[in-house]
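These notes are meant for a colleague who is opening this structure for the first time. Please read the numbered points with the model in view.

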Amino acid sequence: MKVSTKWLKDYIDLDINPEELAEKIERTAVEVDSVSRLDKKLKKIVVGFTVEVRKHPESDHLNICKVDVGEDDLLQIVCGAPNIAANKKVIVALPNSRIAGNVKIKRSKMRGEVSEGMICSLQEIGFSDSVVPKVYADGIYFLPADAKPGEPVYSYLGMDEDIIDLDVTPNRADMLSMRGTAHELAAIYDKKVTLKKPELKEDLTDNISDYIQVEADKELAPTYLLRVIKDVQVKESPMWLQKRLWNAGIRPMNNVVDVTNYILLDYGQPLHSFDYQKITGKRIEVRLAKPGETLQTLDEEERELLSSDIVIADDNGPIALAGTMGGLNSGISADSQVIALEAAVFNSSAIRKTARKHNLHSEAAMRFERGINRATVAEALDMAAQLISELGNGKVISGFAVGAQANVQSIVVTITTKKINDVLGTGLQDAEIRDIFERLGFGVEEKTGSFKVSVPARRWDISIPADLIEEVARIYGYDNLPATLPSGELTPGKYTYKQQVIRDTRSILEESGLMQAISYGLTSDKKAQRFMMEDAQPTKLDFPMSSDRTTVRMNLISGLLDDVAYNNARKVSDVMLYEQGRVFYRDADSDRPREVEHVAAAMTGLYSAQSWHDEKKQIDFYVAKGVVEHLLTKLGVTDISYETSQKHEEMHPGRTADIFVGNLFIGFIGEVHPNISKEYGIGRTYVFELDLQKIIDFNNELIVYQPVSKYPVITRDVALAVSKDIENADIINFIKAQSGKILSKVQLFDVYEGAKIGAEQKSLAYELTYSDSSKTLADDVVNADFEKVMSKLQEKFNVEIR
Amino acid sequence: MDLKDRLTELKVKALSEIGTVEDLKKINEIRVNLLGKKGPITEVLRGMKDLSKEERPVVGSLANKVRDELTEAITQRREKLEIIKTARKLEKEKIDVTLPGVPVKAGQPHIIMQVIDQLEKLFLGMGYQVVDGPEVEEDHYNFEMMNLPKDHPARDMQDTFYITEQILMRTQTSPVQARTMEKHDFTKGPLKMISPGKVYRRDTDDATHSHQFHQVEGLVIDKHITMADLKGTLQIIARTVFGDEREIRLRPSYFPFTEPSVEVDVSCFKCEGKGCAVCKYTGWIEVLGAGMVHPNVLTMAGVDSETYGGFAFGLGPDRFAMLKYGVDDIREFYLNDVRFLSQFAQKG
């Protein structure tokens with residue numbers, strides 16, 4: 001809502017500079033978007049009178065004008081505007097003037113002719129296209145005939161008015177009007193408002209009932225009033241009215257439409273004007289649209305109406321979409337003579353629905369949605385009728401038609417000083433509170449700190465004690481509130497076990513060298529369903545904005561691969577990212593997914609770069625596996641096994657393992673399938689994803705201390721030549737199973753494949769560690785155990801002991 | 001030459017030899033030669049049997065003295081030579097200490113998580129619990145329990161990704177308020193919680209808009225909670241995140257789930273309130289929204305709004321991070337460029 005401080009002064013005596021006023025409004029009422037005035041930064045722009053206009057000899061579209069700018073000599077100005085004419089008052093930017101955009105106008109020559117300045121359009125001096133009257137849209141503007149040549153144009157055009165643009169919150173629709181804003185400022189500054197009342201002269205020779213019958217469904221339109229004005233001349237509005245409209249951001253059209261917009265701004269009451277002669281049957285009904293009905297609205301759009309749309313209909317069908325936009329056919333044209341003027345209150349949720357479904361978010365619709373002052377519907381209608389009759393030389397038919405008229409009463413809310421102080425933490429006195437209510441223009445009955453407050457209809461946002469507390473708080477001033485902390489019973493602040501595991505997981509991965517990524521939870525349908533760890537249905541948006549973001553993710557890897565691709569595309573080839581977040585598994589019989597905490601990582605490029613000190617180290621399966629092992633160990637997970645897996649179609653079939661804890665599948669690790677890497681345009685990338693919830697569910701106990709053996713350990717090394725398809729885990733598990741209790745550890749320390757060994761063979765070297773916590777181990781005991789296991793290994797795997 | 005003279009001559013010669021020897025091996029040889037069983041001193045001592053009773057103790061004592069002196073000289077010389085040897089060895093081991101160290105592999109939390117972690121730490125310390133809630137939420141909790149019935153004009157403030165008519169991507173972390181209040185047993189004490197998490201809005205991504213961002217919701221419900229308590233709590237948040245010097249100011253605003261509702265500005269940390277590009281020359285930066293919990297919200301969650309009341313606030317870690325670190329494009333947070341992320345590796 002753009003508020004002109006000049007207009008405000010009609011209603012309230014305020015002499016405060018606009019910046020200060022804006023600051024006060026912001027601190028007490030609603031946010032202020034900007035404080036501006038159109039003449040800011042403009043220089044030397046004056047009224048000119050075109051004494052003579054002749055064709056430029058060297059151009060078919062330029063004219064040479066002799067312009068009186070109030071000086072002894074006429075200025076010669078070359079003008080290219082199509083509507084230039086002699087004997088007109090025009091806007092002249094003198095030599096060395098500044099027009100909009102801080103453009104400097106200089107004396108110049110145009111095709112050989114001197115041009116001492118420029119004749120301007122409204123846009124050229126800073127008006128928005130959206131407010132310039134249509135007739136001047138493509139040309140220069142003509143000032144009123146009484147404008148004095150040589151005088152600055154600013155006051156003629158209302159450019160010297162300070163405009164405060166309010167960003168009105170949905171609850172303060174009362175401030176979507178000049179009168180409401182004046183009331184608010186009166187409360188803030190402890191002033192009184194003086195509001196003009198209509199002084200309507202009705203033509204008693206005619207009666208409204210002879211003109212029109214109105215019916216309205218009270219549910220749809222609690223109030224629906226109509227006046228008729230006859231013998232109206234539709235024409236341009238006077239300057240004072242046009243200035244008020246364009247300063248509020250509304251384009252002047254004609255005296256009838258302009259008055260309805262003026263009243264919208266003044267009272268916050270949307271009005272609609274019909275060309276009475278276009279209403280068939282002289283009967284109007286407010287009802288819901290019927291199936292199949294259509295309406296061509298003022299924007300020339302043919303709309304199929306919905307059964308939820310409230311329409312104004314005559315005998316032929318809808319003539320307006322209530323509260324949002326009128327019909328083209330029944331609209332005001334230059335030939336209209338009899339005007340039917342509607343002032344109503346429509347059902348706000350119905351208007352909201354219509355505005356949304358038809359994408360018609362007009363000033364009127366916004367006010368109906370948020371609510372309007374029910375106490376001034378009739379007054380606003382009278383004021384509008386009076387103005388139209390005055391500006392269009394018409395006559396207001398006696399009486400008004402009533403489709404519905406809701407009873408308007410003040411709302412009474414009771415509250416106590418104690419309650420106010422309890423909620424605000426203040427020590428306000430009864431008198432201070434009474435004063436605030438009175439400044440707000442509320443009726444107050446007080447009895448020892450207990451208030452009965454009558455809230456006028458213009459503040460329909462107030463209905464409960466909490467609303468009154470807010471009024472007290474903001475007028476008293478939030479700056480004046482003390483700052484304390486909640487007292488009362490102490491509560492422990494700590495993470496739950498689950499929260500702690502999640503945070504531990506993050507810091508373990510970070511200490512392993514991975515950076516935390518946060519990717520998008522919404523992704524494409526395809527990406528959402530990749531790298532799945534369990535059977536589930538995707539959860540899809542009903543009305544997505546783009547095909548990239550249609551579905552809630554069911555894996556974290558897809559997002560991480562997007563991140564890797566983004567990095568690789570920007571020549572960052574070494575990437576180690578992890579993400580902790582939720583995946584969304586939906587069961588077929590449910591609308592809502594289960595949200596499961598996962599953790600995943602994507603690693604590609606170098607683990608460490610070549611340096612003067614070390615060889616470079618490429619990220620491979622085992623680097624990634626090391627991270628998983630470290631994570632699981634740190635989280636206290638035991639009995640972990642890795643099993644080669646070909647069930648993930650997005651993963652390299654030879655380089656992927658499922659991860660189990662006991663028999664429970666908790667995730668997988670491996671290289672991304674080359675086809676997927678190619679699709680993303682990324683290098684070889686190793687990923688893992690774990691179901692963190694399963695790890696949380698283990699609820700791992702605290703570590704139990706194991707005494708360290710005081711006796712020396714004995715180790716035996718062995719290299720085994722085995723067939724390539726035998727896995728390390730097979731050997732290790734076998735050794736562990738076959739050994740006696742004295743075996744404490746088996747560790748692989750070398751793997752060899754190559755020329756020194758058969759093509760189908762590989763060599764695995766292990767260190768077996770033996771210990772006994774109760775005595776020194778004897779060599780022969782160890783040897784016996786070791787030899788027994790070795791011979792069983794030979795039997796089982798056909799290994800050759802090297 | 002008598003034995004005394006021989007001893008004296010031996011001493012002088014040996015001391016000079018010891019004094020000039022440069023080799024640890026040699027000094028060992030000297031020791032063996034001089035003091036060993038076949039050495040001159042032993043020889044002198046052996047010759048004592050031919051001496052008179054009177055001379056024997058004199059020569060014996062002298063011989064012992066010479067042996068002690070020489071032993072001492074050899075020890076000292078050896079120590080000296082050992083020091084020299086070590087010094088030479090260490091000299092050879094000299095390295096270029098200006099060569100770079102071996103990098104330690106270390107990752108770090110995402111910058112938004114760092115902001116959230118900082119807030120969690122603050123609020124855990126003040127006795128709040130951290131509560132998580134679903135990202136795919138019911139309209140019922142996201143809106144209706146927050147005093148936003150269907151067709152409420154304030155729903156326009158938040159464009160929503162719907163999944164079905166009743167299910168949506170939560171647009172705010174506020175629904176966790178309702179979910180937690182419903183479950184909380186107020187006979188066991190006040191409810192003090194924060195709820196950090198992802199939220200979604202139907203917005204076109206650009207430098208200042210993201211369809212996904214984060215919020216941290218805060219809620220305190222007890223018997224005697226005041227707006228002054230809210231103000232004090234907000235002050236602590238502002239000072240924790242933006243620095244101890246910060247002031248806050250509250251401005252009236254509107255959220256359907258609080259009444260009164262306020263918008264909270266923090267004094268600009270770039271210019272100390274003098275006015276700069278960061279605060280758009282106002283000296284203040286809008287950082288969060290807050291208010292006293294609306295009685296309808298309490299009642300709907302089954303809390304007696306006559307007895308209990310409280311405050312709530314909601315803030316945006318993305319916005320905090322943008323302000324604090326001067327990030328001018330919110331999309332950076334979700335693209336995860338390693339060069340972007342790694343800038344926030346510093347602790348604290």
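1. In chain A, four strands form an open sheet in the order 42-43-41-44, with antiparallel pairing, where strands pair if DSSP finds at least two bridges between them, and where helices (H or I, at least four residues) and strands (E, at least two) are DSSP runs numbered from the N terminus. The edge strands, each pairing on one side only, are strand 42 (743–752) and strand 44 (800–801) of chain A. Two bridges link strand 41 (residues 714–723) of chain A with strand 44 of chain A in the antiparallel sense, and A:Leu720 stands opposite A:Ile801 in strand 44 of chain A.

2. Helix 19 (residues 728–738) of chain A packs on this sheet and touches strand 41, strand 42 and strand 43 (761–770) of chain A, its direction making about 155° with that of strand 42 of chain A. Helix 20 (residues 779–797) of chain A lies across strand 41, strand 42, strand 43 and strand 44 of chain A and runs at about 10° to strand 41 of chain A. Axes here are lines fitted to C-alpha atoms, for helices over the stretch in contact, and angles run from 0 to 180 degrees between N-to-C directions.

3. A word on the basis of these notes: this is a predicted model, in which local features need pLDDT of at least 70 and side-chain atom pairs count only at pLDDT 80 or more, while totals for chains, interfaces and linings use all residues. Residues are numbered from 1 along each chain as its sequence is written, and chains are lettered from A and ligands numbered from 1 in the order in which they are written.

4. Strand 34 of chain A runs antiparallel to strand 33 (residues 575–585) of chain A, to which 11 bridges join it, and A:Arg582 stands opposite A:Glu597 in strand 34 of chain A. Strand 34 of chain A also pairs with strand 40 (residues 685–691) of chain A, in the antiparallel sense over seven bridges; there A:His598 has A:Asp691 in strand 40 of chain A as its bridge partner.

5. How many residues of chain A are in contact with chain B? There are 82, and they meet 74 residues of chain B, a contact being a pair of C-beta atoms, placed from the backbone, within 7 Å. Helix 12 (residues 465–476) of chain A supplies the largest share of the side of chain A that touches chain B, six residues.

6. The UniProt annotation "binding site", from an unreviewed entry, covers A:Asp461, A:Asp467, A:Glu470 and A:Glu471; such annotations may be inferred rather than shown by experiment, feature names are shortened, and positions are given in the numbering used here. A:Asp467 lies in helix 12 of chain A and is buried because 21 other C-beta atoms lie within 10 Å. Leaving aside residues up to four places away in sequence, A:Asp467 touches A:Asp461, A:Ile462 and B:Glu259.

7. A:Glu471, also covered by that annotation, has its place in helix 12 of chain A and counts as buried, with 24 C-beta neighbours inside 10 Å. Not counting residues up to four places away in sequence, A:Glu471 touches A:Ile436, A:Leu440 and A:Ile462.

Technical notes: Contact = placed C-beta atoms within 7 Å. Buried ≥ 20, exposed ≤ 12 C-beta atoms within 10 Å, placed from the backbone.
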